[in-house]
There are 2 protein chains.
Amino acid sequence: MFRLPDIIRRDRTEPLVAEICAVLRKWNIEPIPFRSQVDIQHEGDRPRSMYLIRSGWIYSYAVLADGQRQILFLHQPGDIAGLADFGAERVSCSMRSLGECVVLPIPFTAIATFSSTAPDIITYLLQKSAQMQSILMRTLTAVGRMEARHRVIWLILMLHERISGSVTTASAVIEIPFNQSEIGDLIGLTNVSVSKMLCQLSDEGFIERKGSKVLLRRVADMQAMINYEPMGFSEGSYLNLKEDYRERDAVKRI
Amino acid sequence: MFRLPDIIRRDRTEPLVAEICAVLRKWNIEPIPFRSQVDIQHEGDRPRSMYLIRSGWIYSYAVLADGQRQILFLHQPGDIAGLADFGAERVSCSMRSLGECVVLPIPFTAIATFSSTAPDIITYLLQKSAQMQSILMRTLTAVGRMEARHRVIWLILMLHERISGSVTTASAVIEIPFNQSEIGDLIGLTNVSVSKMLCQLSDEGFIERKGSKVLLRRVADMQAMINYEPMGFSEGSYLNLKEDYRERDAVKRI
DNA sequence: CGCAGATTTGAAAATCGTCAAAAACCGTGG
DNA sequence: CCACGGTTTTTGACGATTTTCAAATCTGCG
């Protein structure tokens, strides 16, 4: 164990994250730091907690019989990894850190407590879970039905949206936290295909590359090419949601 | 509109479904019947409700720019379709009935009510959402990293588990609610490939086919071939969960 | 500078898709 | 019971995309 960073920075603070942290602190649950490329949880474990990412990146993945790997989800700060295992007998996927990171374990048993004392938190978790589902569906659509070239473009646009927190058509630089083998494992290609496609996109002027940084040059063109739609939930949308509640009588209109 | 069946049969009744129905009945929300192959919701709509399946099947799907389709999820009776759109600005996928079905709309605005008056229901929804996530992850793993033959086997085993409600290694007959084009859209193949693989599996004695019915002959062999693990949540696991809550002090042990 | 890992490149092979035609299936109506 | 029309499934030839394999090159870092 190494020391925690003195200050954990979080740009886009979720409204209820602070509340969750406060409760956990009362129970003496501490954030845990991990080094890069360390398994945080392994497929087949008994589910104990989910993990609120405080800083860094984590990905969930599954390994097949023949050793192939599918990366299922890239978790960012503010995300809750392992939510899918709530209520399961066995953990369905492994989780690994991408770079150094700090995570706060939220034991599943806490959900019962939240349920009676802080229903807002459960509602928040439900919304987070729904967002993850949407992203998974997007990934499945890309992997199942796009050719290699479009999958790579999809990946770039998706990372752009998730990392920057919004969609723009302006040029932007993103840092891709994966190497090319990992990219392949995420979108169902080999590292060789990923390399070829990235080079091709670079040759054609869609992107420029420097190490793991990618400059998106023709975002609008790429979005048009694969019909990319923004995911439609930015941080803070929970607040909007709360406002919507006021039109409760809408229920009657169904 | 045609008449509702007099009795809606449900074999595996979820513990909290009755409670949800009771609340909705008080709000005069009625189950809606749909004919076969009808769109219940369309991508881009404003999210209004989720849909509790009372009988029949529904699938969620997305359509790409070039007209290709990815089927994202097969919803069974007891499932809640559209949960992924909770909190989103726009609905992320379309939903279509597979055969006649009856569906109870649950307006998203109801979640606020549940949150304050029936936190158990929100917790239940959270668990349902988690289960859907697990299934999506399984699908993504199959589509992203398995060859065609293994994908078809995966599909058969998955349907077997979901339709029968449990995993066995004994032979069993299942009725596949999809045609081969739809199967292809679910696992990322063409109808032609699906046909070839099904014929091949039949020739090799793994399955026997009669119309849309499939007899699984060598379940254990097929499970071994693709390392199929059961999903690990049967109906009623919510009860187990409640019991787990008693070991609340486990929280301290993290 | 040298090493280890990551990326690029090219040729050959395998898988899967496309296309088109034939066959099978299914419900309907005579 | 059989004929009919529409849909679904099967089949085979061919082509395109992606993988595999292997070697070369590049990069970051001590």
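Tutor: A polar contact here is a pair of N or O atoms within 3.5 Å. Keep that in mind as we look at this predicted model.

Student: Which residue of chain B has a side-chain N or O atom 2.7 Å from a phosphate oxygen of DNA strand D?
Tutor: Good one to ask next! The one with a side-chain N or O atom 2.7 Å from a phosphate oxygen is B:Q180.

Student: Which helix gives the most to the surface near DNA strand D?
Tutor: That surface divides into five nonpolar, six polar and four charged residues. Helix α6 (191–203) of chain A and α6 (191–203) of chain B each supply at least two residues. With four residues, the one that gives the most is α6(B).

Student: Now the two protein chains. How much area do chain A and chain B bury between them?
Tutor: The contact takes 63 residues from chain A and 63 residues from chain B. Of the area buried, 67% is on carbon and sulfur atoms. The total is about 6,000 Å².

Student: Which residue of chain A forms a salt bridge with B:D185?
Tutor: Across this interface the rule finds two salt bridges. In the one with B:D185, the closest N and O atoms are 2.8 Å apart. The partner in chain A is A:R145.

Student: From which element does the largest share of the side of chain A that touches chain B come?
Tutor: Several elements of chain A each supply at least two residues of that side, including β3 (49–63), β6 (94–107) and α3 (119–145). The residues there divide into 32 nonpolar, 22 polar and nine charged. The largest share is 20 residues, and they come from α3(A).

Student: Last one: is B:Q223 buried or exposed?
Tutor: B:Q223 is found in helix α7 (residues 219–226) of chain B. Leaving aside its neighbours within four places in sequence, B:Q223 is in contact with residues including B:L157, B:V167 and B:Y228. Its relative accessible area is 13%, and the cut-off for buried is under 20%. Therefore B:Q223 is buried.

Key:
Residues are numbered from 1 along each chain as its sequence is written. Chains are lettered from A and ligands numbered from 1 in the order in which they are written. This is a predicted model: local features need pLDDT of at least 70, side-chain atom pairs count only at pLDDT 80 or more; totals for chains, interfaces and linings use all residues. Side-chain values use heavy atoms; hydrogens and water are left out. A polar contact is a pair of N or O atoms within 3.5 Å; within protein, one must be able to donate a hydrogen and the other to accept it, and residues adjacent in sequence count only if both atoms are side-chain atoms. Ala, Val, Leu, Ile, Met, Phe, Trp, Tyr, Cys and Pro count as nonpolar, Asp, Glu, Lys and Arg as charged, and the others, Gly among them, as polar. Buried means under 20% relative accessible area, exposed over 50%, partly exposed in between (1.4 Å probe, protein chains only). Contact means heavy atoms within 4.5 Å. Buried area is the accessible area (1.4 Å probe) that two parts lose on being put together, summed over both. A salt bridge is a side-chain nitrogen of Lys or Arg within 4 Å of a carboxyl oxygen of Asp or Glu.
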